[in-house]
Amino acid sequence: MNRRNFILTAIASVALARPALAEPIRVDVYKSPTCGCCAAWVEHMARAGFTVEVQDVDQATLYSLKARSGITTELGSCHTAFVDGYVIEGHVPAEDVARLLAERPDAIGLTVPGMPIGSPGMEMGNQFEAFDTLLVLPDGMTDVFQRHV
C-alpha cells in the first residue's frame, strides 16, 4: 500500500467511525423488490454504520429517478441511493461513500456502473473483477474516485 492509499484509507476509517460516535448518516435506497444483490448492498451499508431506509419501487419509477438525478444509462446499476445531497448509484463500497462525505467534492455523487463481481453486494466466493468507483461531476462527466483491484 502506498502512502496516498494509506492516508485515504485512514481518512475513510475515521469517517466510517463517525456514525458510531454521532448521529448515524441516513442513506435512502430505491430498488426493485426482488433484487437480492441490492438487499446485500443495503446490509453492507448498515454494517458500516449507516442508517439505511429502503423503498421498493417498480422499474419505471427507478429509471425515472435515476434520470432525474443525473445518472445516465452508461453510469447506471441496479439500485439508486441518496445520502446527504449526493446520489450513490450501484454497488459503491461504504468506504467510498464515507470518503465522499468527508471530502464533500462538488459532484452529483458516486457510481459503480454495472454489477462487478466482488463489489459490495455482488460477492461470489473469492471471485473478483477490478472496478472503479466514479465521481459524477455536475456536468455529467466522471473522474475515477477510487480504484478497486
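Is Arg-99 buried or exposed? With a relative accessible area of 7%, Arg-99 falls under the 20% cut-off, so Arg-99 counts as buried. Keep in mind while looking around that this is a predicted model.

**View 1. Helix α4 is mostly covered.** Here we're looking at residues 94–103, and seven of these 10 residues are buried. Just past the end of α4, look for Arg-104, which takes a positive phi of about 50 degrees.

**View 2. Arg-99 meets Gln-146 through its side chain.** Arg-99 sits in helix α4. A polar contact of 3.1 Å links the Arg-99 side chain to that of Gln-146. Gln-146 belongs to β7, where it is the bridge partner of Thr-133.

**View 3. Strand β6 is largely enclosed by the rest of the structure.** That's because five of the six residues in this strand (residues 131–136) are buried. On one pairing, β6 joins β5 (residues 109–112) in the antiparallel sense, over three bridges. To find your bearings there, spot Gly-109, which stands opposite Val-136 of β6.

**View 4. β6 and β7 make a hairpin.** These two strands pair in the antiparallel sense over six bridges, with β7 covering residues 142–148. Five residues lie between the strands, and Gly-140 in the turn has a positive phi of about 90 degrees.

Notes: Residues numbered from 1 in each chain as written. Predicted model: local features only at pLDDT ≥ 70, side-chain atom pairs only at ≥ 80, totals over all residues. Heavy atoms only, no water. Buried < 20%, exposed > 50% of the residue type's maximum accessible area, 1.4 Å probe, protein only. Helix = DSSP H or I, 4+ residues; strand = E, 2+ residues; numbered from the N terminus. Polar contact = N/O pair within 3.5 Å; in protein donor to acceptor, adjacent residues only side chain to side chain. Pairing = 2+ DSSP bridges.
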